[in-house]
Amino acid sequence: MILDLNEDHSENVPYSYPEHFLFIEEDRLSQYPGYTALSHWHSDVEFIVILSGEMNYNVNGQTVAMQKGDGVFVNSRQLHYGFSKDRRECQFLCILLHPRLLCCTLSMEQEYVAPILLNPSLDFWPLHADVDWERSILDALLQMRDSLNQPAFPLRIHSLFCQIWQELYNHVPRERHCFARSADQLTAVRDMMEYIQKHYAEKISLDEIAAAGSVCKSKCCSLFRRYLDKTPVNYLISYRLERSIALMATTDRTISEISYEVGFSGASYFSETFRKRFGCSPVKYREKFSRN
């Protein structure tokens with residue numbers, strides 16, 4: 001799955017209902033190459049509910065292990081992605097809602113919305129079915145999904161969003177140091193990701209990636225490992241592979257042409273890297289995509 005990015009390289013969320021700033025969809029982890037999504041961020045808050053199987057979710061370098069019935073709230077503007085290192089299937093519900101839906105007045109925004117969005121220690125909050133108030137959020141998310149075919153469903157979803165936000169406001173501590181992050185470090189990581197995403201088709205050095213984040217090479221590597229669990233080079237390769245999959249799905253270019261277009265030095269190296277990452281050759285992957 002290829003992400004559509006804005007100029008600041010946040011995700012341009014493909015809302016299911018753009019007029020209501022709502023994305024709601026059931027998905028499977030196997031739909032993502034290598035059972036791993038590419039790390040990204042957006043202004044919307046995100047909720048995940050595991051419907052079957054299991055999945056790990058990385059938010060700013062912290063990993064949440066989730067099984068059936070679990071979920072997670074991801075705050076606005078956090079780097080995050082889901083994955084399964086051993087490629088186990090997971091069916092999950094993903095809901096993105098823009099905080100502006102809650103900001104009907106300036107007072108509402110300042111008193112009840114901003115304290116959660118701007119909480120420097122609230123990158124995310126795991127949701128467990130055995131905790132009453134967290135289970136009420138999980139139930140509300142499932143009700144959102146089930147309300148889509150009902151009359152005036154946007155009103156129902158807005159009402160449920162308000163209920164969820166009230167639970168978060170009432171129960172989430174204002175400071176949670178175990179999940180604390182550095183805004184400067186996140187900015188540096190986003191800047192380096194942006195540089196890679198702009199120049200992935202070119203020959204990029206570690207010095208250039210580090211310079212984009214205004215850090216030294218060792219700091220660059222440590223930040224990528226902390227927040228993305230990858231080296232800068234591995235992130236670059238992952239992004240090139242993601243772009244190659246998009247080209248295989250949407251163009252008739254040859255595998256050789258695609259390999260050079262996304263920044264690989266040759267078709268053989270591209271094919272070898274692709275096979276190691278996804279367990280099959282680019283040709284087989286394209287054939288599978290065409291059949292599906």
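Two strands are treated as paired if DSSP finds at least two bridges between them. The legends below apply this rule to close-up views of a predicted model.

**Confidence along the chain.** The average pLDDT of the chain is 89, and 92% of the residues reach a score of at least 70. Residues 176-180 form a stretch with pLDDT below 50.

**The hairpin of strands E2 and E3.** Strand E2 and strand E3 (residues 62-67) run antiparallel and are joined by six bridges. Because at least two bridges are needed for pairing, E2 and E3 count as a pair. The two strands form a hairpin, with two residues lying between them. Asn60 is in the turn and has a positive phi of about 50°. Within the pairing, Val64 in E3 stands opposite Tyr57.

**Strand E5 beside strand E2.** Strand E2, residues 45-59, is also joined to E5, by four bridges, and these two strands run antiparallel. Tyr57 takes part here as well, with Gly82 in E5 as its bridge partner. Strand E5 covers residues 80-83. His80 and Gly82 point one way from E5, whereas Tyr81 and Phe83 point the other way.

Phe21 belongs to the segment before strand E1 (22-28). The phi of Phe21 is near 50°, a positive value in a residue other than glycine. With a relative accessibility of 24%, Phe21 counts as partly exposed. Tyr35 lies in the loop between E1 and E2. Although Tyr35 is not a glycine, its phi is positive, at about 55°.

**The crossing of helices H7 and H9.** Helix H7 (residues 232-250) packs against helix H9 (residues 267-278) at an angle of about 100°, and the axes are 11 Å apart. H7 is therefore roughly perpendicular to H9, because angles of 65 to 115 degrees fall in that class. The residues in this contact comprise eight nonpolar, four polar and one charged. From H7, the residues that meet H9 include Asn234, Ile237, Leu241 and Met248. On the side of H9, Tyr269, Phe270, Thr273, Phe274, Arg277 and Phe278 take part.

Thr254 is located in the loop between H7 and helix H8 (255-261). Its relative accessible area is 39%, so Thr254 is partly exposed. Arg275 lies 21 residues from Thr254 along the chain, and the C-alpha atoms of the two are separated by 17 Å.

**Arg225 on helix H6.** Helix H6 spans residues 217-228 and contains Arg225. Arg225 has a relative accessibility of 53% and therefore counts as exposed, because the cut-off for that class is over 50%. When neighbours within four places in sequence are left aside, Arg225 is in contact with Lys230 and Thr231. Tyr235 is 10 residues from Arg225 in sequence, and their C-alpha atoms are 10.0 Å apart in space.

Notes:
Residues are numbered from 1 along each chain as its sequence is written. This is a predicted model: local features need pLDDT of at least 70, side-chain atom pairs count only at pLDDT 80 or more; totals for chains, interfaces and linings use all residues. Side-chain values use heavy atoms; hydrogens and water are left out. pLDDT is the predictor's confidence in each residue, from 0 to 100. Contact means heavy atoms within 4.5 Å. Buried means under 20% relative accessible area, exposed over 50%, partly exposed in between (1.4 Å probe, protein chains only). Axes are lines fitted to C-alpha atoms, for helices over the stretch in contact, and angles run from 0 to 180 degrees between N-to-C directions. Angles under 35 degrees count as roughly parallel, over 145 as roughly antiparallel, 65 to 115 as roughly perpendicular and the rest as oblique. Ala, Val, Leu, Ile, Met, Phe, Trp, Tyr, Cys and Pro count as nonpolar, Asp, Glu, Lys and Arg as charged, and the others, Gly among them, as polar.
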